[in-house]
Structure formats: C-alpha cells, structure tokens
Amino acid sequence: MTLTSQRTTPPFIYTFTVIRVAPSALSGDGPYAVAVIADGDTHVCSRVAGWSEQTPLHVGDEVYPLSTPDPHGAVYSITPPQEVSS
Amino acid sequence: MNPTGTNLGRRVFVAGIGETPMGKYPQRSIQDMVTHAAGAALRDAGIDSPAVQAIYMANFGGQPLASQGHIGPLVSEALGIPSVPTVRFEAACASGGVALYHAISAIRSGVHDVILVGGVEKMTHQPTGAVTEVLATAMDAEAEASTGLTFPGAFAMIAQRYFYEYRSVRQEMAQLAVQAHDNALLNPDAQLRKPIDIATVLEAPPIADPLGLYDCSLITDGAAFVVLVSESIMEHASTSPHRRTEIIGAGQGGDALTLMGKPHLTSFSATKHAVRQAYHQAGIGPKDLDFAEVHDCFTITPIITLEDIGICEPGTGGDAVAAGHTARDGRFPINPSGGLKAKGHAIGATGLSQLFEVITQLRGDAGQRQVPKADLGLTHNLGGTAATCVSIIVKGHEQ
C-alpha cells in the first residue's frame, strides 16, 4: 500500500519561506518559494510552483503534487494540475 | 560526585581564555589567527605550551573556504608543540561546543590534565553567495539543499511555523537584533559595532521571508581558545582564586539533520536534551542561572531557546524579550557579548567565543557590558538546523 492511497487529507504547507538571496549556483532562480509540505504521514521539502508576489503562500494552504517536477525542482504546486500552465 | 550524585569523574576548570577580535580579516591567515588566540589563552592560564597534553580544534569550512584541512597539526606546529595529539571536530556551527564537550569528557575521565581547545574560521575573503553555498552543506544535500534551501531559509521556515502556532514575534526579533548591536558596542572584540533601531531591522533588505538582513548573524573571521585543566593542575596554577571558573555541567543533544525529520519546528529537541544533561550534572535548574550566551544565528532562535532552556514557557519567549528581561540589565541577560548577530559568527570558533564571554563575565572583567550578577552562566551552541546542541554551565569563584 502506498502512502498516497493512505492519504486522508490533501498535502498542505506545513511551513514555508521565499528565498530572496540564493546560493551562488542558483542566483538566477531567485526569488523562489520553498516549503515543508505535510503529505500524509511524511514531511517533504520542496520548492512550490505557482508562487508569486501577488500569490503569497500561507501555512495550511493546500498544494498539489506535480506529475513531473518543474524545471526548478518543484514537486508541489499551489494550483491544481490542470491549471498549471506549461 | 556532582551535587546530584552522578559520578562525572574529575572536576574541570577553565584556566585561560583568548580570542582574536571577530571581524573581516581577509588578509589574515588561519595560522596567524590561531597563534594569536591560543597564545593569549595560554598566557592567561599561566601555562607554557609544552604543558599542553592535547589540542582539540573546531573548524567547519577550512577546506572549501580556505583550502585548509588538518587544522589540528597546523595549530600544534604554530605553537611549537608538533608532537602533541590533535583532533578536529566538525559539527557545523556547533563544532566549537562539540570540541569542548569532548575535551571536558577527556579531563573528567582522566585521559588528560591540560587540553587546549580552540576554534577558527576564515570566511570573509569569499563572496557571500559562495559562503552561503558552503554553509548549506551542513543540511541534507539531497533532501533540502537541492531545493535551493539556505540556512536563512531554514530558520525563516522555523519562524513562519512559530508565528502560526503561537503569534508573530517579528517585532521582538527586531528588538533582539537591536539589543545585540547595543551590547556589541561595548565589546572591543565585536565585529559590528554600530547601533541600529527597530525600523532599520524591519526595513532591511529581505533575505528569506520573514528574515531580513539584520535578522541574520554575520560572516566572520576569527579564532577563540580556552585552556581546560583538571583540579590538580588548577591547584598549582598561578591564576588567582577569584578568577577561577569551573565547568559544572555539560550536555550534548542531537536531532534529525533535516527540518522535515524533526517532530516539531517550534522547539528544538537537541537543546532540550543538552540542557537537561547540563542541569542534571550541575544540580541546578534554569532559574538558578544568571545569564547566558545563546546561539542567535537568526533572531527567531533566541526566542525558541529561552523556552527550550526553561527560562520561559512555550510560546512566551517573545514576551520576555518585549519586557526587556533579556537586556543586559534585565532579569536574564542573554548575549552580553553581542552574540553571533553582532559580535560575529566565525563558525568553528563560535562555541569557544561564547565560553570566552561567559568566563569574562564570571571573572567580572566585562567592563561596561558586565551583567549585574554573574555567578552561574550558560552557553548554548547549535549546529545546523538545530541538529546538534551543546550546552555548558560554568560557575564563578566561590564568594
């Protein structure tokens, strides 16, 4: 049985930040959002796709797993999969 | 036997202390810094270097930042005692505390009578982005750093969760930064000796929400050393009795390396484990302490630490700060040195630099930054995202 099938509540943001000063290797990426996602019985550290200055994150916000990580490594998004633009 | 009846072995004293000023010294070599600080500690102890039986060194980024590994023999050679056994400890920002913890254990157990314990870091010659990248190696590379998470980012997430579970302490975090700068103004060894105000902190460039520039500790060059000795050595030392200080409790605690592996983010298990051991050994509780040097890597950390070491109830650390209790003349002064925030955070040296300040206060040598009552002091040295913690309780001379 997978964790996904055991899930009783959807994944949500346990805590988050927006990185404004990135490590030198990622300096072209910033700013970007990173969160600890509560997903079933586990916590996962992930970038969060869909974040922008106009779309701030909050603790408790529901997030959606991406079927494939986005180019910056996010595996969760604040928008449902069908709404994520390419 | 200690007051609680636990057999800790032999008593341990701090016979001497020495440090470099903390700051930006890009032209200064590691060898130069350790020679200065270790020499000062040995002179303070009245002990010649040939009497040193072991050197325990703390360093985090020597290899990636300064192309220098094998720090132990570097120090022993610089002091003219190359045959002395040496070892280097690495536990991120708690490297210094861990070196101390193990040196204390070695003296308690009778392995050595005189140990020179030091820490050093050389960082400021590298660009901030490169330093940030090296510091991030102290977190889980695959699970966390690969996402672009930085240390300010990790503690920013801790702050966000704290705000959610209790209340926003953004104002109190800024107050702690102001307090650190005020204390550092009175410390000749401090890196950032300039006053700031709350508005400056709150309006500073953002680093990782909600942390801004003045919520973050510094990138620092520096070295700090102490000479630990057994009771038999202390009895014959030239140190005057009123300057004798004894380590009466020392604990080390651990927790998951990752944020996501910790059971909660608003309290640090490593701190609780470390102080529990230290209090037990010392036979005291938090209310017996007079002051502390705590690990203020970011301004949220002292608020959580006040709760974890038992000075405040969970969720009330911010209230203590707002009431002025943590100021130099408050009920429980923290970081009279200026802390990591303003004295500086030379990673490997930090645990030693904290002890340097505690000893200085216990001796009554802190000048204008002297806290009103200094008989029992505590150090609190965190590593990584609170994955390692060492806490040491030191007692001043008998009244």
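**Briefing on chain B and residue Gly254(B)**

Of the 399 residues that make up chain B, 63% count as buried. The structure is a predicted model.

**Fold and dimensions**

- Chain B contains 14 helices and eleven strands.
- Its radius of gyration is 19 Å, close to the 21 Å that the globule rule gives for 399 residues, so chain B is as compact as a globular protein of that length.
- The C-alpha trace of chain B spans about 55 × 45 × 40 Å along its principal axes.
- Among contacts in chain B with a separation of 6 or more, 79% are accounted for by residues 24 or more positions apart.

**Surface and charge**

- Chain B has an accessible surface of about 13,300 Å², and carbon and sulfur atoms contribute 52% of that surface.
- The chain carries 38 negative and 27 positive side chains.
- The centres of these two sets of charged side chains lie 3 Å apart.

- Leaving aside residues up to four places away in sequence, Gly254(B) touches Ser269(B), Ala270(B), His273(B) and Ala387(B).
- Ala184(B) is 70 residues from Gly254(B) along the chain, and the C-alpha atoms of the two residues are separated by 30 Å.

Note on methods. Residues are numbered from 1 along each chain as its sequence is written. Chains are lettered from A and ligands numbered from 1 in the order in which they are written. This is a predicted model: local features need pLDDT of at least 70, side-chain atom pairs count only at pLDDT 80 or more; totals for chains, interfaces and linings use all residues. Side-chain values use heavy atoms; hydrogens and water are left out. Contact means heavy atoms within 4.5 Å. Helices (H or I, at least four residues) and strands (E, at least two) are DSSP runs, numbered from the N terminus. The radius of gyration is taken over C-alpha atoms; the globule rule is 2.2 Å times the number of residues to the power 0.38. Buried means under 20% relative accessible area, exposed over 50%, partly exposed in between (1.4 Å probe, protein chains only). Accessible areas come from the Shrake-Rupley method with a 1.4 Å probe; for residues, only the protein chains shown count as cover. Lys and Arg count as positive and Asp and Glu as negative; His and the chain ends are not counted. The place of a charge is taken as NZ of Lys, CZ of Arg, CG of Asp or CD of Glu.
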